[in-house]
Amino acid sequence: MFRKKFIAAMASFLAIAAGTGLAEASPPSKPNILFVIMDDVGIDQLSAMGYGGQTPPKTPTINEIAESGIRFRNTWSMPECSNGRMALLTGRYPFRTNVYQAIGQSDLANSQVSPYDVTVARMMKQAGYRSGFFGKYHLGGPENNKAVNGSPGQLGWDYFHGWIGGLPASIDTTAGGVGQSGTYKCGYVPSVARQLTTEGANTGACYIRNTNNQTRCQKISGDTLGDSPGLACLNLGGILVPNASCQANPPGNLDFERQNAHYVSPLVINRDNSVSELSVTDPRGRNYRSSIEVNAAIQWINDNKRRSAPWMATVSFSADHTPLQPPPGHLLSSATRQKLASTLGSPLNLGTDCTNPAVQRILSDAMLEAMDTELGRLLTSTGLARKDKAGRLVYEPERTNTLIVIVGDNGSAGITVQYPFDLLRSKASPYQTGIWVPLQVSGPMVKQPNRDVPHLVSAADVYGLFAEAAGLDPHKASKPNTIDSSPLMPYLRNPLQPAIRTFSYSEGGLNIQKNNAHNGPCVIGRTNDAGGTCSQTPINKGVCEDNGGVWWGEGATDPSVTPVNTGVDECWQVNQEIYGSLTDPNTYNDVKVGQAPQIYYTARDARFKFIHSEWKDYDPDAVGVATSYYLDELYEVNESKNPTDLKLDRDGDALHISSNAVDPVNDLDSVDGAAESMQALQDYLAELFATQPSCQGDGNGDRVVNIKDVSDYWRTVRTWTGSSTFDFDYNAVTDRNDLQTIWANIPSDCRN
C-alpha cells in the first residue's frame with residue numbers, strides 16, 4: 001500500500017515539475033450545471049448586455065456573472081415561451097416539434113413535448129447527471145397529455161417543483177374575497193396613502209392557512225420595506241382584512257381558493273416517479289414565485305452536493321411574465337422601493353391598477369430586480385458565490401466546478417420593451433425585439449472572461465452546450481431526434497474562435513388543436529374604434545386581458561361583437577364583424593384591425609435578415625370566406641450598443657418587400673451584398689425545411705413508420721385514448737382510425 005501511494009505521489013510531482021500540472025494527470029470531474037431561464041426577458045432589458053433603456057433594471061447578480069464569463073450578444077430564441085423552451089431543452093426548431101406558440105389548455109399532445117423526445121434531462125442521464133427543474137415548465141400538459149402533471153418526471157427530470165402550465169393566473173382583484181371584483185387591481189389591499197380612497201388600509205388582520213387548513217391570524221400595521229399591510233400579508237400567504245383586528249374565527253367571505261398572479265398558485269411536485277398536486281390553499285404555493293422557485297432549488301442543490309453524481313438544476317423563473325405585480329420590498333433596493341412608492345402613491349392614483357401602462361414599466365423593472373436578488377441568494381446559499389464585507393456579491397467561477405448559463409426564453413413583451421427597441425414588434429413576432437435574447441455563460445472552463453461573442457447563436461445551441469460540458473456528442477446522444485444545435489463550447493475555451501454558424505433561424509405560428517381550431521381572437525392596442533392588431537397568441541380570455549387586449553373569442557364581452565358573449569373563432573372574422581356593423585362601409589379601411597401573422601419564420605446571416613409571414617383577413621369582395629396574404633421582407637440589422645447606430649427591423653426600413661397585401665419595395669441594389677444574401681437565406685431555408693419531410697404514421701418520432709409504431713400505439717391506448725402523438729387526424733382521440741394510418745404507411749423511412 002505504501003509503495004502504491006509513493007509511486008502516485010512521485011507521478012504527481014513529476015507532472016508538476018514538467019509543467020503539465022495535476023489537471024493533465026487527473027482530468028476534472030464533470031461540471032455541475034446551473035441553468036437559469038428568464039421569462040419574457042429580451043436583450044433590451046439588461047445593462048449587462050449593453051442595453052436596458054435610459055434607467056436599466058438593477059441586476060447586480062447578472063452583471064457579476066456576465067463580467068465573470070462571456071456574453072453571447074447575437075443569440076436568437078423563438079418568439080414565445082413554449083417554442084423558446086423547446087429549443088433550449090430539446091435542441092429542436094418548431095417545425096420539428098409542432099410547438100409554434102405558447103402551449104395552452106386547448107393544444108393537443110401533437111403540439112407538446114413528445115414522450116419520445118430526448119429532453120436535456122434524458123440526455124444528461126447518459127452522462128450520469130441528476131436533474132432538477134424549478135419554476136415554470138410550459139412544455140406540455142396538464143391538458144391533453146397522458147402524463148397530466150407528471151410530464152417532467154416522465155421526460156427525465158428527477159425532481160420538479162413548480163407549475164406545469166407555466167402562466168401565472170390573472171390578478172385576484174378581490175384580494176382574497178375582501179372586496180368586490182375589480183376593487184384591488186394589484187391583487188392586495190394598498191395603504192391609504194397609496195390608494196387615496198376609502199378602500200386602502202394602513203392596518204389589518206392577516207389570516208394565514210397552514211398545511212392542515214387551520215387558520216391563524218396576526219395584526220399587521222404600517223409599511224414594511226415599502227410593502228403595505230396588504231402586500232406584506234399576501235407575501236406571507238395570507239389574506240388581509242383591512243382595518244380589522246384578529247378574531248377567533250376568520251370572516252366567512254375570505255376565499256383561499258382564489259389564485260393571484262405571482263403570489264398564489266397551485267403547485268406541482270414530481271419526485272421519484274410520484275406526482276403531488278398541491279391545492280391553492282397549500283402554503284407552499286402561497287408566496288412570491290421567484291422566492292418559491294429559488295427556495296426549492298437551494299434545497300435540492302444542497303441535497304445533491306452530498307451525492308457523488310453531478311447535478312443539473314434548471315431554475316425557470318416566472319418573472320417577467322404578465323400579469324405584473326409589485327414584488328416584496330425586501331427583494332428591492334431602497335431606490336427602487338422609493339420609485340415604486342412614488343408611482344403607486346402618485347396623485348394620478350396609478351397604484352389602483354397594475355395593468356396601467358404608466359405603472360407597468362416600473363413594475364417590470366422591479367420584478368427583474370427581485371429576480372436578480374433571488375438569483376444572488378441562490379448562489380450564496382449553495383456556495384457558488386459569497387458576499388463581501390460591503391454586502392456585494394463575489395462570484396469566482398474558478399472556485400467552483402459549475403457551469404452557469406443565463407438566458408431569456410424569448411423577446412420582451414409589449415409595454416416592457418426598453419428604448420430603443422421596438423415595442424410594436426416584440427414578443428410573438430419574428431422581429432428582433434421578439435426573438436433577440438440575452439445569453440451569458442460562466443464557469444471555470446471559460447478562458448479570458450468578461451468578453452463578448454458577436455457571432456450568430458441559437459437557443460437550440462444551448463441544449464448542445466450541456467452535452468458538450470458532460471462529454472457527450474449532442475447529435476449522437478439525442479438520437480433518434482434530429483437536433484438543430486451548433487457547438488458553443490469552442491467559444492468558451494478559445495477567445496479567438498471564429499464564427500461557427502453561418503445562419504440563424506426562428507419561427508412561430510399556431511399550435512395544433514382539435515379539428516384544426518385555434519385560440520380565440522384577441523385585439524390588442526385598439527383605441528377609439530380604430531387601429532390595433534388581432535392575435536391568436538393569447539391562450540384564453542384571461543391572458544388576453546392581462547396583456548391589455550380585448551377578447552373577441554367565446555365568451556366575448558366587447559359590445560361590438562355580435563351577438564354579445566358569443567364571439568368569433570378567428571381574427572379575420574373580427575374585421576368581418578366590424579364591416580357588418582358599419583353604417584358607412586366606405587370607412588372600413590379606417591377602422592379595421594391589423595392581423596398578426598399565423599405562420600412566420602425568419603433567417604439571418606451576419607448582416608441581413610429575411611422574414612416570411614402569412615395570415616388570413618376579411619375581404620369585403622369575398623363575402624364569408626377568408627383571403628390569404630403573405631409578406632416577404634429583407635432588412636439590414638446589427639448589434640450596436642449605440643442607440644443611434646442600432647439597426648433593427650423597424651416598419652419602413654425594409655430593403656425588400658414582396659407581398660399581395662402591401663406595396664412592393666426593392667432597394668436591394670442600394671446596399672452591397674443585400675441581393676446575394678437574400679438568395680442565400682432563401683436557399684438555406686429550403687434546405688433546412690427539407691430535413692423534416694412529412695412522415696404520416698410516425699407517432700414515436702423516429703422518422704420511420706414500422707412495427708414499432710404499432711407496438712407504441714398499443715402501449716399508449718392500453719391506459720389512454722385521449723390526445724397523443726398517435727392522434728393523426730387531430731380529433732383529440734387516439735383510436736383505430738389512427739392505427740389504420742400507421743398500417744397504411746408501413747413501411748416508410750423519412751430519414752434523410
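Student: Which helix does Gln432 lie in?
Tutor: Gln432 belongs to helix H13, residues 432-435. Helices here are DSSP runs of H or I with at least four residues, strands are E runs of at least two, and both are numbered from the N terminus. Before we go on, note that this is a predicted model: local features need pLDDT of at least 70, side-chain atom pairs count only at pLDDT 80 or more, and totals for chains, interfaces and linings use all residues. Residues are numbered from 1 along each chain as its sequence is written, and side-chain values use heavy atoms, with hydrogens and water left out.

Student: Got it. Is Gln432 buried or exposed?
Tutor: Gln432 counts as buried because its relative accessibility is 0%. Buried means under 20% relative accessible area, exposed means over 50%, and partly exposed is in between (1.4 Å probe, protein chains only).

Student: What does its side chain make a polar contact with?
Tutor: The side chain of Trp76, at 3.2 Å. A polar contact is a pair of N or O atoms within 3.5 Å; within protein, one must be able to donate a hydrogen and the other to accept it, and residues adjacent in sequence count only if both atoms are side-chain atoms. Leaving aside neighbours within four places in sequence, Gln432 is in contact (heavy atoms within 4.5 Å) with Trp76, Arg604, Lys609, Val637, Leu648 and Asp649.

Student: New topic: where does Ile220 lie?
Tutor: In strand S6, residues 215-221. Ile220 has a relative accessible area of 9%, so this residue is buried. Apart from neighbours within four places in sequence, its contacts include Thr203, Cys206, Pro229 and Leu236.

Student: What about Val623, buried or exposed?
Tutor: Exposed, at 64% relative accessibility. Val623 lies in the loop between strand S23 (608-618) and strand S24 (626-636). Its C-alpha atom is separated by 23 Å from that of Ala556, 67 residues apart along the chain.

Student: Back to helices. Which residues of helix H3 are buried?
Tutor: In H3 (residues 60-67), they are Thr61, Ile62, Glu64, Ile65 and Ala66. Among the elements these buried residues pack against are strand S1 (32-38), strand S2 (70-76) and helix H12 (357-381).

Student: Zooming out, how many helices and strands does the protein have?
Tutor: There are 22 helices and 28 strands. The radius of gyration is 27 Å, close to the 27 Å that the globule rule gives for 752 residues, so the protein is as compact as a globular protein of that length. That radius is taken over C-alpha atoms, and the rule is 2.2 Å times the number of residues to the power 0.38.

Student: What does the C-alpha trace span along its principal axes?
Tutor: About 95 × 65 × 60 Å. Buried residues make up 57% of the 752 residues.
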